Amino acid sequence: MDLLPTEVPQIARKHGFRSLKPLNLSMDDVLEEKPVGVDYGRLDNGLSYYVRSNSKPRMRAALALAIKVGSVMEEEDERGVAHIVEHLAFSATDKYTNHDIVKFLESIGAEFGACQNASTSADETIYELLVPVDKPELLSQAISILAEFSSEVRVSGTDLEKERGAVLEEYRGSRNADGRMQDAHWVLMMEGSKYAERLPIGLEKVIRTVSPEIVKRFYQKWYHLHNMAVVAVGDFSDTQSVVKLIKMHFEQKIPSSVPPSITDYPVPSHEEPRFSCFVESEVGGCAVMVSCKMPLGELKTVKDYRNTLAELMFHCALNQRYYKISRRKDPPYFSCSSTADAFVRPIKAYMMSASCKEKGTVDALESMLMEIARVRLHGFSEREISTVRALMMSEIESAYLERDQMQSTSLRDEYLQHFLRDEPVIGIEFETKLQKTILPQISAAEVSRLAENFRTSCSCVIKTVEPQPLATIDDLKSVVLKVNNLEEERKISPWDDEHIPEEIVNTLPDPGVVVQQSEFPDIGVSELLLSNGMRVCYKCTDFLDDQVLFTGFTYGGLSELPENEYISCSMSSTIAGEIGIFGYKPSILMDMLAGKRAEVGTKVGAYMRTFSADCSPSDIETALQLVYQLFTTKVVPGEEEVKIVMEMSKEAIRAQERDPYTAFANRVRELNYGNSYFFRPIRTGDLQKVDPRRSCEYFSSCFKDPSTFSVVIVGNLDPSVALPLILQYLGGIPKPSEQIINSNRDDLKGLPFTFPATIIREVVHSPMVESQCSVQIAFPVELNNESMVCVILFSVCGLKIDVLCSLYNKLFLLFYWHWEKIKMEEVHFVGFLSKLLETKIMQVLRFKHGQIYSVSVSVFLGGNKPSRTGDVRGDISVNFSCDPDSSWKLVELVLDEIVRLQEEGPSDQDVSTILEIEQRAHENGLQENYYWLDRILRSYQSRAYLGDISASFKVQDEGRTKVRESLRPSTAQMALQRVLPFPCRKQYSVVILMPQNSHLKMLQSFFRSATNRYVSDAKVSALNEAVPGSVKSVFKAWEQRLDSSGGKLESNDGDPELLLFIPFTSDVKIKSISVVGGADGTSPSKMRAFINRDGIDFSDAQSIPPIQEWDLGENLQGVLEYQTRYSRFQSVGNLTLHFPESFGAETTQIYYIGLKGEATQLKRDVVATIVYEVMPNPSDHKTPADVSGGLSQVE
């Protein structure tokens, strides 16, 4: 038997995949249990470890700590705690506090999110790091952090309170349409098991109220070294030194208890199918899901491995059929796919899912089940299985060829699955031989038999998803019965295969010739100018043995079109793609390309047209043939294809109209970029204006003239093989006799991009099932040519500005290169600044205030046409989601932080961190083909490009280097002032997505006259008010908060201190407090809260610790709210607010106080609660007790 993997000699490696011999083995042979290619062991304290040396990426290590514990181990009062622990680990440990772990890792270039992250599932928790190891101490520090996670996570009340907000925001983000559907499907699949009640995100109630003691109890019980493994894969000189580091940081940890047993929770099987008709008003489209559960079998023997391969072949063959059905006349669905997935530790599932038109779910289900029944009756054909076998053989060949170039993160994931799921790691060399041996032996009959696992009697769950109730459970049951009867009666016909042509290009074109060749050794690039005018640039790399990438581009796009043609032409790629842009229908081309790794795609944008390809070096001829076909095919609209596209487009538009985030994105685009036809969303009515003939004509014209295209090729290219093919298929593209589309970058029509000149603050109200909130804050960016040229001339010549301006035209060409270098530097500055802003805003909103889950800062610099002389215009935007009630407060915090950075600058550590993150990303990129492809393309597309790619590349590189060398706190501060409006509050836009009618309503403490049976004047009071009883005036309707005509609460002159006592008629829960103060320094600057304390005076307020205190802002516009530590404000009978000082004035003035939260039934007789809404929602007023509420902005 040939089961043990052996070292492959170098000569065999070079000889390649096709020389590998089949193995001599038995189906009962047992696969190697010990993972191959890794130092694997277990410490005396129970910790497992895996260490492997791998050099991709260079000088990096992928680390992980895995724990065989997830949400299924939680008790009822712990639902969500496994996930909370994961968050707390990055927040504070015995050694690190206040997210110092995050800060340290970012300081060495490991960006939060991308290079330091964690995940919690039902069965496991995994912490992952990707860190540099070019300094000896870095690896040791990173492993020490994993050691801290394993047993030293700090679970204090303060830590927990700071992290609740981030967890709650992650929870809120999961409560969108997709999240609700996934949760409902999970519960349906897991019904009867503990898994059904243990979604990893947990319960909102537990997240809000769980105590530190409960969290600590879970952590100390389950985070046992016996249930853990450390994985380290990286560019190590030797693995034993890494093993020693793991032992150094973990070996001294002695578990204080016996390892807890990991209970297996079974998922019951059921013969009768379960049905569900799920109605989701925000759903992105109608869908059908069919899932069949089965036990998760072991993967121990060759027979087990063979079964796994047959399973993959089954789903691949079935997906091929589903795709072809979706492209037939009147298809039952737009798309359909099948897969197998290990859901949880005890089970896996076969799953089919389809998207379909509205009112089409029943027909879609029938087609899905009918195809499975057809396979059971007639099986797959030998040709179908041959196609699938070729696809899988191509995939394993690619993996084998790149076996020495695997990413460390991929190898790390293999070892994680070995530890968590007992999946064997047998090594790619041996696995390749295994597949080459087994795949030819698997017959069509063997694959077809797996359709038995998709019977509706096999623990089957059938579910439809629609925006309104159309399909019924009886409908679904009728479909199942109908298909079963047809199958029993054998009235389902066999599958009818289409004819598949042999060759992509039927007649070979006459090859072109090279009319000019240039070499640029400094960047390793060769450039060819072909006889048809096409420019081809190629760079040979050895990053991946089985990858060649190329992109061709030319200028001229949708901006050139008149408005009356825009809609038709903007859909040209979609319509042409369905018909077939390479001369064949997509369903036929799919079979023609079986076993080949060659993909080509196209894009038609505002200013540019591109085609891109990803292929194996052995299939580069196929990829180039597809490009030739792209340029020589005249796409002609077919009635059926156009009908399918229009139906799909209509459903997509309807789905977007249901989606709150689409309405938000549309409004953002309209406000920030102008309300022109180019930025306007397409509506269903617009589809009637689409002319399919014009769409196809336009698409064909976009890829017709090779003389305007530049093509960049990067990858494992053998020029002696590739150049003849390039001349044959790219050089052989015929050049038209006249220009078809304007491709002069300097003559293109610009888009009507107009950023608002004034401050815009707007709320987009959208109907929502559950409250979601998204915020975008945008600032205009304009890198102006004239101002930059003047700066250059001033710095070069030392002349006065007015003299320089008069010499501008004469000296323009002389200083063109200086100008472009400065502009490139400015662009690089914008990139660095965006990362600086993202990092600092994350620190403020998440790590300091605990109010968000994540934030992104994005840059758009495409507001002008790509001419060499125009300004660079666009915007920088800050994006995050949050609690709707906190949105305006967080906006103010973001603006405050940006202003602070503009006025004070970042710290040295801030700048160092950003430089380190950028440098590490750059180092990783230099080892990737995509990165080099992008850099070379940007050099061609740079304004500095005048025919010399090397010079343009150098301008880009020098710009980055100069910015890095000059970036200090002072230069970053000046750049923030120069690139953004200064101060940033001078010009910006804020758009916030809010629920149209929040199901949370405003709780107002409200004063009424003495005759009202709920309120007594004497019970609401204030100490040190200048006018007795004036405290009554501050409790009023939300929309009247800025109305000063009703009076104000003011302290006595010379003494700004105020103390308010507010009793309630019922126990209340307070979420937030809003205070609108006076101008000229009279607003209160601090607020301290006490609950359920009667008779507090100023002396008590100064000596008793408050339950919470806040530093306030001058909230003159009434947009700020201050979040409470909600768990502490749960049963509030009375509230005392202490305002110790103002913003420097002699008195304190307050015009409005609003309290937000929930109230129970009336119990006391002091202050009544009322509800404020912009528009009433009848569903909010079902019972008198329903008084929970939220604050809305006026629409």
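**View 1. Buried residues of helix α23 in a predicted model.** Helix α23 spans residues 692-702, with helices (H or I, at least four residues) and strands (E, at least two) taken as DSSP runs numbered from the N terminus. Its buried residues are Ser695, Cys696, Tyr698, Phe699, Ser700, Ser701 and Cys702; buried is under 20% relative accessible area (1.4 Å probe, protein chains only). Among the elements covering them are α17 (563-570), α18, β16 (598-604), β17 (608-615) and α20 (620-632). This is a predicted model, where local features need pLDDT of at least 70 and side-chain atom pairs pLDDT 80 or more, while totals for chains, interfaces and linings use all residues. Numbering runs from 1 along each chain as its sequence is written, and side-chain values use heavy atoms, leaving out hydrogens and water.

**View 2. The start of α23.** Here a side-chain oxygen of Asp691 comes to within 3.1 Å of the backbone nitrogen of Arg693.

**View 3. Helix α18 against helix α21.** Residues 572-579 (α18) and 639-658 (α21) pack at about 135°, axes 9 Å apart; axes are lines fitted to C-alpha atoms over the stretch in contact, and angles run from 0 to 180 degrees between N-to-C directions. On the α18 side, Thr574, Ile575, Glu578 and Ile579 meet Glu641, Val642, Ile644, Val645 and Met646 of α21, contact being heavy atoms within 4.5 Å.

**View 4. Lys1156 in strand β32.** Lys1156 sits in β32 (residues 1149-1159) and, at 2% relative accessibility, counts as buried. Its side chain makes a polar contact of 3.4 Å with that of Asp885; such a contact pairs N or O atoms within 3.5 Å, one able to donate a hydrogen and the other to accept it within protein, and residues adjacent in sequence count only if both atoms are side-chain atoms.

How values were computed. Buried < 20%, exposed > 50% of the residue type's maximum accessible area, 1.4 Å probe, protein only.
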